[in-house]
Amino acid sequence: MPWVSIPASDARLQYVGRTYRAGTGVVFSHPGVTVRASFWGDAVRMRLDDAGLGGDVGTNHFDVSLDGAPPTQLAVHPGQGTYPLASGLPVGLHTVELFKRTESLVGASTLVALEVHGELREPPPRTGLRMEFIGDSITCGYGTGVTFMPESSSSKVPTFTSKHQNPRRAYGWLTARHLGAEAVFVCYSGHGVYRNLDLSTSGLIPALYEQAVPDHPAAWDFSSGPPDVIVLNAGTNDTFAGAGTAAFLPDEAAFKAAYRTFLERLRTLHPRAHIICTLGSMTDGFKRREQQGVVTSAHVGDWISALVAERQSQGDARIHRHVMAMQNPFADGVGEDWHPSAATHQKMAEALSRFIQDVVRP
């Protein structure tokens, strides 16, 4: 059998998640983007051009699954390369799945071609509920590959490494699996609704939602596989931003205006989708400051509840508020940088799944 090279744009390659076609291939960067293909033969490999910088933070990682078997992890290097995905298989019909574990801050990837030792066949069918998860590092699965048990709230835990980012261990993918749904992720660590963790205002979540790939010019085509359920978990970075500055407390008017506008945009784009607004698990949105005996506070979680109630009072019966429990690091541990552990994500997914079943499938 000869080796056959199939361009990444071939209609027989099935993509789940946000991508766009460029002159050199199909570009993507969000975690959870999946490429599936069926082929008759005994081996398969891919040609990939990767924009990651390498090292502990800048190396993109993928899960590779063959014929539904548990995945193996693949690290890719900067630039273009060819990567064996499976070899020495019994000659016959096989399905290969490539799943991006790492997020946009690690770097975008361009699939140039899939190469099979045999011939490509039609992809497996896509069925079931379609879910979209919008958010920040928690939705991206930041640090879920490891668990640390802190001794106190001042304990130091390791910082981000790309090899430990795994959305398969995060609440979004787990929730979709519980519900038999297909999951798409639009998320970016450190980004917020009206301000980012570093107090910048570029690349905010509502703006990222319009793009196929963050920091790339291609707009997303919203007619492509519209979601049945949208889970919006945003506001954590708006809450945490401003440490040590005059902007310590989030601005209620600014947050509400940005969040309200984003909800309006989501409803315009997806008139039939159920929208689940949540927040957590690193905070419930409450933030308090005391200066010279004067206590001031803000509560982003309460603001979200009020905005959901506002839309409901206007007749939107497909928007819902899910209150996510805060994590307990001393019982369930934490991932890198105090992010929720895999055990916490599992609890988040179980609670969210029950909630969605109640409101979407009564």
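Tutor: In this predicted model, a residue is called buried under 20% relative accessible area, exposed over 50%, and partly exposed in between.

Student: Is Gln-73 buried, exposed or partly exposed?

Tutor: Gln-73 belongs to strand 7, residues 72-75. Its relative accessible area is 41%, and values between 20% and 50% fall in the middle class. Gln-73 is therefore partly exposed.

Student: How many residues apart in sequence are Gln-73 and Lys-163?

Tutor: Gln-73 touches His-61, Phe-62, Asp-63, Arg-101 and Lys-163, not counting residues up to four places away in sequence. For Gln-73 and Lys-163, the C-alpha to C-alpha distance is 8.9 Å. Along the sequence, their separation is 90 residues.

Student: Which residues are linked with Asp-63 and Arg-101 in a network of salt bridges?

Tutor: Asp-63 and Arg-101 are both among the contacts of Gln-73. The salt-bridge network that includes Asp-63 and Arg-101 also contains Arg-36, Glu-97 and Arg-168.

Student: How many salt bridges does the structure hold, and which residue forms one with Arg-45?

Tutor: The structure holds 18 salt bridges. In one of them, the closest N and O atoms are 2.5 Å apart, and the partner of Arg-45 is Glu-115.

Student: Why does the pair of Arg-45 and Glu-115 tie together separate parts of the sequence, and how many residues apart are they?

Tutor: Arg-45 lies in strand 5 (residues 34-50), whereas Glu-115 lies in strand 10 (residues 109-121). Arg-45 is partly exposed at 26% relative accessibility, while Glu-115 is buried at 10%. Because the two residues sit in these two strands, the pair ties together parts whose separation in sequence is 70 residues.

Student: Which helices hold Glu-310 and Arg-260?

Tutor: The side chains of Glu-310 and Arg-260 meet in a salt bridge of 2.7 Å, N to O. Glu-310 is partly exposed, with a relative accessible area of 26%, and Arg-260 is partly exposed, with 30%. The pair ties together parts 50 residues apart in sequence, because Glu-310 lies in helix 7 and Arg-260 in helix 6.

Student: Is Asp-332 buried or exposed?

Tutor: Asp-332, in helix 8 (residues 329-332), pairs with Lys-347, in helix 9 (residues 342-360). Their side chains meet in a salt bridge of 3.0 Å, N to O. Lys-347 counts as partly exposed at 48% relative accessibility. Asp-332 has a relative accessible area of 15%, so Asp-332 is buried.

Student: Which element gives the largest share of the largest nonpolar core?

Tutor: The largest nonpolar core has 36 residues, and those with the most contacts inside it are Tyr-209, Tyr-259 and Leu-266. The elements that give two or more residues to this core are strand 13 (229-233), helix 6 (252-269), strand 14 (274-278) and helix 7 (300-313). The largest share, 6 residues, comes from helix 6.

Student: Is the pair of Tyr-142 and Phe-160 stacked, edge-to-face or tilted?

Tutor: The count of aromatic pairs comes to 9. For Tyr-142 and Phe-160, the ring centres are 4.8 Å apart and the planes stand at 40°. Planes under 30 degrees apart count as stacked and over 60 as edge-to-face, so the pair of Tyr-142 and Phe-160 is tilted.

Student: What is the angle between the planes of the aromatic pair formed by Tyr-209 and Phe-262?

Tutor: Tyr-209 lies in the loop between helix 4 (205-208) and strand 13, and Phe-262 lies in helix 6, 53 residues apart. Both Tyr-209 and Phe-262 are buried. Their pair is edge-to-face, with 5.6 Å centre to centre, and the angle between the planes is 75°.

Student: Is Leu-93 buried or exposed?

Tutor: Leu-93 is found in strand 9, residues 92-100. With Met-1, Trp-40 and Val-91, Leu-93 forms a nonpolar patch on the surface, with about 410 Å² of accessible area together. Its relative accessibility is 54%, so Leu-93 counts as exposed.

Technical notes: Residues numbered from 1 in each chain as written. Predicted model: local features only at pLDDT ≥ 70, side-chain atom pairs only at ≥ 80, totals over all residues. Heavy atoms only, no water. Patch = residues over 30% accessible without salt bridge, like charges linked within 9 Å, V, L, I, M, F, W, Y side chains within 5 Å. Areas by Shrake-Rupley, 256 points an atom, 1.4 Å probe, with all protein chains shown as cover. Salt bridge = Lys/Arg side-chain N within 4 Å of Asp/Glu carboxyl O. Helix = DSSP H or I, 4+ residues; strand = E, 2+ residues; numbered from the N terminus. Buried < 20%, exposed > 50% of the residue type's maximum accessible area, 1.4 Å probe, protein only. Core = buried A, V, L, I, M, F, W, Y, C linked by side-chain atoms within 4.5 Å. Phe/Tyr/Trp six-rings, centres within 6.5 Å; stacked < 30°, edge-to-face > 60°. Contact = heavy atoms within 4.5 Å.
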